[in-house]
Amino acid sequence: MKKNVFIIGARGYHAKYGGWETFVSNLVDYYKDDDTLFYVGELSDNKEDDKKLNKVNNSLYLMPTYVKEMGSPKMFVYAIKSYLYTLKYIKKNKLRDCYIYVLGLKLGPLLWFNKILRKKYNIKILVNPDGLEHRRSKWNKIVQFCFLLSEWSMINHCDMVVCDSLGIQAYVHNRYKKAKRKTTYIAYGAREYDFSDVDEEAILKEYKLKKDRYCLMVGRCVPENNYELVINEFMKSKIKKDLVIITNLSSSSYYQELVEKTLCDKDKRIHFIDGVYDQVKLATIRKNAYLYIHGHSVGGTNPSLIEAISLTDLNILYDVCFNRDIGRDTCLYFKDNDSLVKLLDDKKRLDSSKKKLGIEAKKLFKGNFTWDKIVEQYKKLFK
């Protein structure tokens with residue numbers, strides 16, 4: 001009898017948007033268990049697709065859910081509709097012993113309202129809180145408060161809290177004492193790439209890059225990723241490298257504000273590239289960077305950090321517990337007060353660290369963060 005695992009909260013199965021989608025695609029692809037059937041919620045812009053189950057292969061179904069455009073509430077509505085559709089599907093098909101894995105904190109009190117149905121069909125609800133959503137500056141005060149209430153309700157009424165960061169796990173333990181017994185830590189993963197058949201030079205040429213001639217940042221263009229701090233520090237430095245920032249230019253309202261605040265368009269060393277979603281191309285750009293700068297300040301584990309450790313020899317991280325949990329002693333760290341400038345201007349230290357820490361970072365990655373290792377932990381969870 002197959003185990004049924006429903007995953008909701010990501011925009012879909014394909015890694016076209018960000019971390020959740022990359023996570024889902026890798027979890028499903030690396031799982032390789034004929035006895036497990038995945039159902040993945042998918043946000044649809046086509047009303048005709050709504051709730052039409054789509055079979056991808058013998059181990060994966062997609063569950064399209066249509067939500068009209070409505071700004072910030074859209075993802076809340078999408079998560080709620082996906083969850084209610086999942087419960088209805090389980091009930092209609094009389095499925096038992098299912099798992100519903102909820103990515104993010106957008107369901108509010110729904111977990112409490114559906115306790116009777118969950119008990120009847122022995123449905124286990126797992127919640128991954130991601131980071132500290134109520135602290136993200138992209139949300140207004142009302143949305144932040146809603147996230148805090150939703151966090152309280154979901155963590156208290158789920159069966160298991162899956163934290164992909166030790167810092168988030170500590171936060172849950174400190175804030176929700178009763179959740180300690182139902183909290184587990186499973187890190188995020190990253191792919192291992194074989195570059196033997198990859199034309200790295202052609203890919204770099206496509207983006208007008210040269211090996212070891214640029215520093216790299218990758219991530220969404222939002223204030224808590226500290227682009228303003230990094231750009232200002234970089235502009236003050238004397239490093240003879242470019243700063244290449246790969247981010248969501250076409251969908252960011254913060255980008256223009258960032259340029260106006262920093263005047264980074266006046267510095268010829270700074271270049272922006274709109275999101276690169278071809279994974280091999282992005283991996284090639286990471287691999288050939290002189291160093292990677294990670295400015296994310298709001299946990300938990302950010303996928304781009306794991307990918308950087310697996311591919312880039314020298315990584316400089318914003319000094320918060322979420323980043324130290326991953327980078328440990330294989331990375332350099334910066335905070336405020338010109339600490340990044342001092343690092344960037346110390347060429348001797350950067351060159352020596354690049355040789356030594358790159359080796360240690362790859363060992364750290366292979367020992368802890370490959371998808372094969374991560375998936376084995378999820379198989380124990382979905383037992």
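Student: Is Asp338 buried, partly exposed or exposed, and which relative accessibility goes with that?
Tutor: Asp338 counts as partly exposed, because its relative accessibility is 33%, where buried means under 20% relative accessible area, exposed over 50% and partly exposed in between (1.4 Å probe, protein chains only). This is a predicted model, in which local features need pLDDT of at least 70 and side-chain atom pairs count only at pLDDT 80 or more, while totals for chains, interfaces and linings use all residues. Residues are numbered from 1 along each chain as its sequence is written, and side-chain values use heavy atoms, with hydrogens and water left out.

Student: Which side chain does Asp338 meet in a salt bridge?
Tutor: Asp338 meets Lys236 at 2.7 Å, N to O, a salt bridge being a side-chain nitrogen of Lys or Arg within 4 Å of a carboxyl oxygen of Asp or Glu. The pair links distant parts of the chain, 102 residues apart, with Lys236 in helix 8 and Asp338 in the loop between strand 14 (332–334) and helix 13 (339–345); helices (H or I, at least four residues) and strands (E, at least two) are DSSP runs, numbered from the N terminus.

Student: And how many salt bridges does the structure hold?
Tutor: It holds 19 salt bridges, including one between Glu257 and Lys261 at 3.0 Å, N to O.

Student: New topic: why is strand 10 largely enclosed?
Tutor: Five of the six residues of strand 10 (residues 242–247) are buried, so the rest of the structure largely encloses this strand.
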